[in-house]
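Here's a quick briefing to read with the model open beside you. Take it one topic at a time, and find each piece in the picture as you go.

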Amino acid sequence: SFGRTYSRKIVLVEVIAGGISGWGEVTAGENPFYNEEWTDSSWLILRDFVAPRVLGHEFAAASEVGDRSAHIRGHFMARGGLEAACWDLEAKQKGIPLYKAIGGGAHKQIACGVSIGIQDDVEQLLGKIDTEINVGYRRIKMKIAPGWDVEVIRAVRKRFPEVLLTADANSAYTLNDWELLAALDEFNLMMIEQPLAHDEIIDHAELQAKLKTPICLDECIRSAHQAEAIKVHDVAMKHNIPGWCGGMLESGIGRAANIALSTLPNFVLPGDVSASKRYWKKDVITTPVEVSSNGLITVPEGPGFGFDVDHAFLDTITVRQETISKP
């Protein structure tokens, strides 16, 4: 709901140990609008604070890596990009798929949905939804914002009465808008994602009491402990709260990590993981992520995140590179 993206700057992290490379992706955007992180801040935090704390240190497992930068306040995306690379490295060292390394494997295929941004007009939106449904995607998430909400969803529901439909507000509303948001109850939405402020829990609870449609929290999930993905999954499962895996417009490297994460047992709703071609003219992995005609991605069984990095292509689009070595 922030606007359109035509090109994307992505920070990739490669960690090397014993001649084996692990890859991770920092999912921050180019600007500090989704949260406080952005690509340039991630670069500096990784270079000057996170990498020096990890470099040359001996770890028994990738699960220990996060603690080395736990004293840094915030910057979870930057820190997570390096940690993800270490998980990939550990899985490759053991010769097992990433999903096994993180305790996944409950699903050999994952159900896929797509996220569609605010369009120029309703007809354009309806056309995009029709295209994605025909491809096979099992859930449609449409962005909403003030002025692009009730009547737009009404038109979508009229054209597609049976599709699994979610509305994602990216914090575009306040509690004063509760009557407008309550008007969405008539459309049988799966959920309304993050309607209120990115750092607000109490108002969301008050809003939920006024709505029949479930509220899904995204930006303001900051605990268990500080949004460590597997722990969030486990807490939700313990309390019988169904989960799904979102996305941040990742390349194939980050997308593959999301696929592995989606194999955990409580990810039972179609998530945001979709095909490479849904976003990229060419991905940075040699074999793109593909979605079957019935809206499923088959989980790769290769070691690590399960795809090969297209180094030749990556070299052609790299605009900045820095190697940090042990003194």
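Let's begin with a length check on helix α2: at 1.5 Å a residue, its 19 residues should span 27 Å, and the end C-alpha atoms are 26 Å apart, which agrees. Keep in mind that you're looking at a predicted model.

**Helix α2 and the core**

- Helix α2 covers residues 76-94, and just after it G95 takes a positive phi of about 70°.
- The largest nonpolar core has 81 residues. Helix α2 supplies the largest share of this core, with 7 residues.
- Which residues have the most contacts inside this core? They are L82, M142, I153, L184 and F305.
- Zoom in on I153: if you skip its neighbours within four places in sequence, you'll find it in contact with M142, I144, L165, A167, L184, F187 and L189.

**The sheet**

- An open sheet is built from 5 strands in the order β4-β5-β6-β7-β8, and the pairing is parallel.
- Why is one side of β4 and of β8 left without a neighbour in the sheet? Those two strands stand at the edges, so each has just a single partner strand.
- As a general point, strands of a sheet pair through backbone hydrogen bonds, either parallel or antiparallel.
- Start walking across at β4 (residues 113-116): G113 and S115 point one way, V114 and I116 point the other way, and all are buried.
- Next comes β5 (residues 139-143), which pairs with β4 in the parallel sense over 4 bridges. Look for V114, whose bridge partner in β5 is I140.
- Strands β5 and β6 run parallel too, joined by 4 bridges. Here I140 turns up again, with L165 as its bridge partner in β6.
- Strand β6 (residues 165-168) is covered on both faces: L165 and A167 sit on one side, T166 and D168 on the other, and all are buried.
- On to β7 (residues 191-193), which runs parallel to β6 and is joined to it by 3 bridges.

**Getting from strand to strand**

**Helix α9, a well-covered helix**

- Is α9 mostly covered or mostly uncovered? It's mostly covered, with 9 of its 10 residues buried.
- The buried ones are G252, I253, G254, R255, A256, N258, I259, A260 and L261.
- These buried residues pack against β1 (11-17), β2, α3 (98-101), β3 (109-111), α8 and β9 (296-298).

- N170 isn't a glycine, yet it has a positive phi of about 45°. You'll find N170 in the loop between β6 and α6 (178-182), and its relative accessible area is 7%, so it counts as buried.
- L249 also has a positive phi, near 60°, in a residue other than glycine. Look for L249 in the loop between α8 (229-238) and α9 (252-261); with a relative accessible area of 25%, L249 is partly exposed.

- S21 is in strand β2 (residues 20-26), and its side chain makes a polar contact with the side chain of E14 at 2.6 Å.
- Leaving out neighbours within four places in sequence, the residues in contact with S21 are E14, V15, I16, D88, L89 and K92.
- K212 is in the loop between α7 (202-208) and β8 (215-216). Its relative accessibility is 76%, so K212 counts as exposed.
- Along the sequence, K212 and L181 are 31 residues apart, while in space they are 10 Å apart, C-alpha to C-alpha.

Notes. Residues numbered from 1 in each chain as written. Predicted model: local features only at pLDDT ≥ 70, side-chain atom pairs only at ≥ 80, totals over all residues. Heavy atoms only, no water. Core = buried A, V, L, I, M, F, W, Y, C linked by side-chain atoms within 4.5 Å. Buried < 20%, exposed > 50% of the residue type's maximum accessible area, 1.4 Å probe, protein only. Contact = heavy atoms within 4.5 Å. Polar contact = N/O pair within 3.5 Å; in protein donor to acceptor, adjacent residues only side chain to side chain. Pairing = 2+ DSSP bridges. Expected span 1.5 Å × (residues − 1).
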